[in-house]
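Reader: I've got a structure open on my screen and I'd like to talk it through. Could you take my questions one at a time?

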Amino acid sequence: MRVAIFLIFAVALFSLLGTFPTVPVSADTRGASLANGLIALTRFTGGRALYGSPCFLGLLGLLAVFLVGISLRQGSAWRTAEDQVRDQAPSAVLRFGLSDARIRGCVSLALSELRFKPARAGIVVKNRFGVWGPLGVHLGVLVVLLAGLMTYLWADVREVEIREGESLPLPREGITMRLDKFSILPYPGKDQAQQYVSRFTIKDDKGRRGPRELRVNHPLLLGATKIFQMRYRLEVQGLELEAFKEGRPFSSVRLEQGKTSAIPSGSLEVRFKEVLPDFRISPEGKVFSAGFIFRNPAAKILWRDPARPEAGEREQWAFGDRLSGHERPGGEWDFRVAKIYKTYSSGVRVSRDPGAPLAAAGYVVLIFSAFLSSFAIPRVLSVAAFGADGGSRLEIRGLSRRDPIGLEEEIARLAALVGKKAEAAR
Amino acid sequence: MNAGIFQFLYLGTGILFFLAFSGEKKIVRRSAVVLGCGTLALHLFFLVRRSLEAWRPPLTNMYETLHLLAFLVTLLFFLARFKWPIDLIGGFAGLTSALLMASSAIASPEIEPLLPVLKSNWLLFHVTACFIAYSSFALAAGTALAYLWVDGVGRRDGARANLLKKMEGMTHRIILFGYPLLTLGIATGSIWAQLSWGRYWNWDPKETWAFATWMIYTAYLHLKYDKAVHPRAAAAVVVLAFGLVLFTYYGVNFWLSTLHQYA
């Protein structure tokens, strides 16, 4: 038992080590050789690497071996308890003036009131099914560990980013999935997302096509592969910019990310620096982002007049309408964002994990067994009445390794109840 | 209705229970019970009102869970009081709830819409189970501390031995109550993680600390099998384990990088 407790503590404390960030060990640090020796021995350099280190895996393996051993022993634990209860020292010895036959009657009534059932001659039990609780907990943990091993050895889990219009082949399933559109569904009137949706067209080897939707918490099951919605990325590829000169429409130009374009008549060189999906203007005139959903986009435009190189490159915000721009001090040139060309990439996790169903089964066993183990604690009592000194003597022995204090309370309750019944029978 | 009011009321309840334990005066004990029950009723009203406003149970951020935990700790004490009427434990329960309310000052009380990842039926099972477990462990830590305190001071007589035995039994039973709920919380969290993140176990710091906490309580239950282990050592393990609960719930979010940052 003590070794098991030590092992439990070791696994708990060891696993916590991995939650702390990696600390690099430099050669000139005091004790560096010891640290490096440990690293060489355990192949653990700190952080999450711990969970794949042979040392930690070995510890989990040892835990699994213990679980197997304990599970095998627990199968016969109940029978042992029934055998051993008569060897215990009496927990209560009561004397009555009634005959032993009448006391046996009182005991029988009291035991049935306390929901004890006869097992063998002179031995009564309660919550016998509770013996499966600890066994189930041990087996449940063992199954989850086994599932973890299967995941470690055979799971294929990848993070993939798919751009709108791109396809992701799943050769094992004979399927290709094409991302048609990625959408962020906001809460009505708010800037918070209530769901992220990737709309796919699934095409199989036989050329059959069908639409499927992927949402957070609602994975797509394609054969044995599961697809999970994880994250997204927005890429602004370019924008359509209208230029106004002295308040009059002058020309329009398509700007591309990272490139400088010329206004068609050659009067200006323009590029954009950043795009805000939903802008606001502070009372001080500062433009800032108010959300991530494209409602009122704004673009920071950098422009330069080649005819006047001494003026340098100038910076100006352009909005979806010119009114916002006019509220700010402007000059000869003024701009409007007519259209934004953007593409979303959907970050998905592609998982083929044979351990997952086994882990779920292990958890179910674990949950039920944990409740059973806590709320149905088996008790074994040996109750014997003998004739003595013109009356009778009652000896109660009990055994409950899991809850000795509860057993004592139960025996005290039984003794009190028998006393009460004997009093009534007198 | 702000957290300060509840902090004050729980603190008052705790102080009255401490006084009732030290003075054995009926009027003080009754006042503590009345104040405690009144505080619970008021807090329940607050939680229900917030749930109706948000149209979801109060389980989705630090502010709400601190309120829930403070409420559950005192509620569980009053439920346990039917079997173990030990005023000293009421003092610890009231004090714990007051401290939890005090720490809610750093959390935002705003009702924010749910993040997409939290929009799942598993939320109710996972968070509720975890918080009932946490509250029972808080109470168990209170009884363990009370055990260590009573064990360390005072005269060694029959009454004290009886009280110690009661507190030892209470600690064990409360942990037996919380343990399957923590198991349920961790297991449903893992199943939910599989649905949401595509992995049932990520070794995320929150998961890892919850796992370590579960292991320490498992160790405690094994310690109780060993008759040679002194109850004092078992009580010390309960206090240590509650330290882990606190770090899992509170510390991980602040000091470690976790997928559970919203919690």
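Reader: Where does Trp55(B) sit in chain B?
Author: Quick note before that: this is a predicted model, where local features need pLDDT of at least 70, side-chain atom pairs count only at pLDDT 80 or more, and totals for chains, interfaces and linings use all residues. Residues are numbered from 1 along each chain as its sequence is written, while chains are lettered from A and ligands numbered from 1 in the order in which they are written. Helices (H or I, at least four residues) and strands (E, at least two) are DSSP runs, numbered from the N terminus. On that numbering, Trp55(B) belongs to the loop between helix 2 (26–54) and helix 3 of chain B.

Reader: Is Trp55(B) buried or exposed?
Author: The count is of other C-beta atoms, placed from the backbone, within 10 Å of a residue's own: 20 or more is buried, 12 or fewer is exposed, and in between is partly exposed. Trp55(B) also has a positive phi, near 60°, without being a glycine. With 8 C-beta neighbours inside 10 Å, Trp55(B) is exposed.

Reader: And what about helix 3 of chain B, how far apart are its end C-alpha atoms?
Author: The expected span of a helix is 1.5 Å times one less than its number of residues. For the 20 residues of helix 3 (residues 62–81) of chain B that comes to 28 Å, and the model agrees: the end C-alpha atoms are 28 Å apart.

Reader: How many residues of helix 3 of chain B are buried?
Author: Helix 3 of chain B is largely enclosed by the rest of the structure, because the buried ones number 16 of the 20 residues. Across chain B, buried residues make up 53% of the 263 residues. So for helix 3 of chain B, the count you want is 16.

Reader: What covers the buried residues of helix 1 of chain B?
Author: Among those buried residues are Phe6(B), Leu9(B), Tyr10(B), Phe17(B) and Phe21(B). Contact here means that two C-beta atoms, placed from the backbone, lie within 7 Å. On that basis the cover includes helix 2, helix 3 and helix 4 (87–103) of chain B.

Reader: What radius of gyration does chain B have?
Author: Chain B is built of 8 helices and 0 strands, and its C-alpha trace spans about 60 × 45 × 30 Å along the principal axes. The radius is taken over C-alpha atoms, and the globule rule is 2.2 Å times the number of residues to the power 0.38. For 263 residues a compact globule would come out near 18 Å, which agrees with chain B at 19 Å.

Reader: Which helix of chain B has the highest confidence?
Author: pLDDT is the predictor's confidence in each residue, from 0 to 100. Chain B averages 90, and 97% of the residues score at least 70. Helix 8 (residues 231–255) of chain B is lowest, at a mean of 90, and the highest, at 94, is helix 3 of chain B.

Reader: How many residues of chain A are in contact with chain B?
Author: The predictor gives the complex an ipTM of 0.91 and a pTM of 0.87. On the chain B side, 42 residues take part, and the number from chain A is 44.

Reader: How many of the residues on that side of chain A are nonpolar?
Author: Ala, Val, Leu, Ile, Met, Phe, Trp, Tyr, Cys and Pro count as nonpolar, Asp, Glu, Lys and Arg as charged, and the others, Gly among them, as polar. The side of chain A that touches chain B has 11 polar and 8 charged residues, and the nonpolar ones number 25.
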